[in-house]
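Please open the model in your viewer and keep the sequence panel beside it. The tour below moves from selection to selection and says what is there at each stop.

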Amino acid sequence: MRLALRETMIGFRRAPMLSVLSITTIAFSLFAFGLFSLVAVNIRKTLGEVESRVEIRAFLADGTPVEVVSAAMGDIGAFPEVSRVEYVSPDSALARARAELGEFKDVFESAFLPASIDIRMREGHRDPETLKTIAGRIKSFEFVDDVRYGEDWVDKLYRIRNVATAAGLVLGLAFAAVAVIIIGATIRMAVMARAREISIMRLVGATDAFIRRPFLIDGFLKGILGGLLALGLTWFASQVISHNFIQTAFFSRGLASLGLLGGAMIGVVGSSLSVGRHLRKV
Amino acid sequence: MIRFQHVYKEYPRSGLVLQDVSLFVGKGEFIFLTGPSGAGKSSLLKLIYMEELPTKGDVWVSGVRSKGVKRKEVAKLRRKLGVVFQDFRLLEDRTAEANVAFALEVIDAPRSAIQPKVARALAQVGLAAKGTSMPREMSGGEQQRVAIARALVNDPFVLVADEPTGNLDERATRGVFQLLRDINASGTAVVMATHNLELVRRSGYRTIEINRGQVVFDSGDGDRAKKVEVLA
């Protein structure tokens, strides 16, 4: 391992420009991918925020006794799909409507709005199908007059979400593939630059595994350095967008680490493939 | 030790470069391989260190058979034989010592053993004082000696030399040749391809001449090859 590290360093020192070029190429390929991921993360976050507001509102019949309502709320709260159940009295409903409608607030009068139970769904259970099922179950309570959950709106939201996910996946894969190809070509150049050394190593009896080692370390280091640079560039871009256009969320620490690890893996796999291909030829 | 049995080598572009070559190299022999350019000398040497494998026929080198040989076995075999070329093939950015040590390092030799072995190999080729010199600071003859030291450092049973004096002046040629004789005298077999007929004539060593891929002359005991055929 010590020798492999030394050989890696010799490679860096001997062709510093090539190494810098490799790292920059890796960085910019990952930067393009990072920018795309940033857009995807933000779209997802926004959709998530909208989605978290999805709720079922069950309007109660006039004169429903309080004990019945609380018993029903207990039952509904026990549904595994439900995260929160809240009772909204006619007065609170009026206050809420007034707050939401601003200048038209005077058109409402107290008796106009019925009491309701607002039901929030757990994450992962806010899809149209589940909402429909739960709404149906709630409607079956005798004292429930009507159930609303913005069916059309939820359908549209889910369609947008699915399109965004599919487009994200396809574009993400395309960006990742381009990054892998570019990085692979860059590493291939590094392998070619050391072809003489490889031939001498083979001549004096080095095994393929031994010859691969410094290149794998080389690919790993370049991947990590390129990944760090890409992460820095993406962070800078997100700051510029946040300050000048729209508030942008950055990657979570876990996602950023995953990106770095991805860069390192691309480096290692790219190196392994390039050296492997070279070794098969010589 | 080295045995060729009805060996054919064909390349997709250049066609048949070796045809029905059968020969035997015994322990500690010194053999010259001669013939015009393109006759197949280098191809024959490549078959010895298994850089190439025969298209037909079999090559045995120190118990390793070419048929179905694995890359790992080839790597192990090369630790037991030394190879030198006309163009030296040294690492230009490393000292003579580092070039020789490289051959030990890449086979994971124990660190404590490397320094004494390198010093001994450099002394053997007469370059004890030049260990810290870079290849570009050395003459062609000296560079070839470094290459020979690198080939010798693992105590090979055979030294395969492909035109080792091809790039050297007469004096350096004499020096390198004398070095190869000394190496042979200490028990290592030498198979050397050369164009230098003067060298061949003066030495009196066994000479194998190749032309158009075939062995056309073998000054050694012809019975050897026949013997191999009988054994096979």
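What follows is a walk through each chain and then through the interface between them.

This is a predicted model, in which local features need pLDDT of at least 70 and side-chain atom pairs count only at pLDDT 80 or more, while totals for chains, interfaces and linings use all residues. Residues are numbered from 1 along each chain as its sequence is written, chains are lettered from A and ligands numbered from 1 in the order in which they are written, and side-chain values use heavy atoms, with hydrogens and water left out.

**Select chain A.** Colour by secondary structure, and chain A shows nine helices and four strands, where helices (H or I, at least four residues) and strands (E, at least two) are DSSP runs numbered from the N terminus. Followed along the sequence, the elements of chain A run α-α-β-α-β-α-β-α-β-α-α-α-α. Chain A has a radius of gyration of 30 Å, well over the 19 Å that the globule rule gives for 282 residues, so it is more spread out than a compact globule; the radius is taken over C-alpha atoms, and the rule is 2.2 Å times the number of residues to the power 0.38. Along the principal axes, the C-alpha atoms of chain A fill a box of roughly 95 × 40 × 30 Å. Of its 282 residues, 41% count as buried, a class that means under 20% relative accessible area, with exposed over 50% and partly exposed in between (1.4 Å probe, protein chains only).

**Select chain B.** Here the secondary structure comes to eight helices and 10 strands.

**Zoom to two loops of chain B.** Centre on B:Asp108, in the loop between helix 3 (96–105) and helix 4 (111–124) of chain B; its phi is near 60 degrees, a positive value in a residue other than glycine. At 51% relative accessibility, B:Asp108 counts as exposed. Then move to B:Asp155, in the loop between helix 5 (140–152) and strand 7 (158–162) of chain B, where phi is near 50 degrees, again a positive value in a residue other than glycine.

**Select the interface.** Show both chains together: 22 residues of chain A are in contact with 24 residues of chain B, contact meaning heavy atoms within 4.5 Å. The area buried between chain A and chain B is about 2100 Å², of which carbon and sulfur atoms give 51%; buried area is the accessible area (1.4 Å probe) that two parts lose on being put together, summed over both. Pick out A:Ile200, A:Leu203 and A:Val204, which supply 31% of the area that chain A buries against chain B, more than any other three residues.

Next, display the side chains of B:Arg71 and A:Asp208, which meet in a salt bridge (2.5 Å, N to O). The count between chain A and chain B is four salt bridges, each a side-chain nitrogen of Lys or Arg within 4 Å of a carboxyl oxygen of Asp or Glu. To finish, highlight helix 1 (2–14), helix 7 (195–203), helix 8 (208–244) and helix 9 (253–281) of chain A, each of which supplies at least two residues of the side of chain A that touches chain B.
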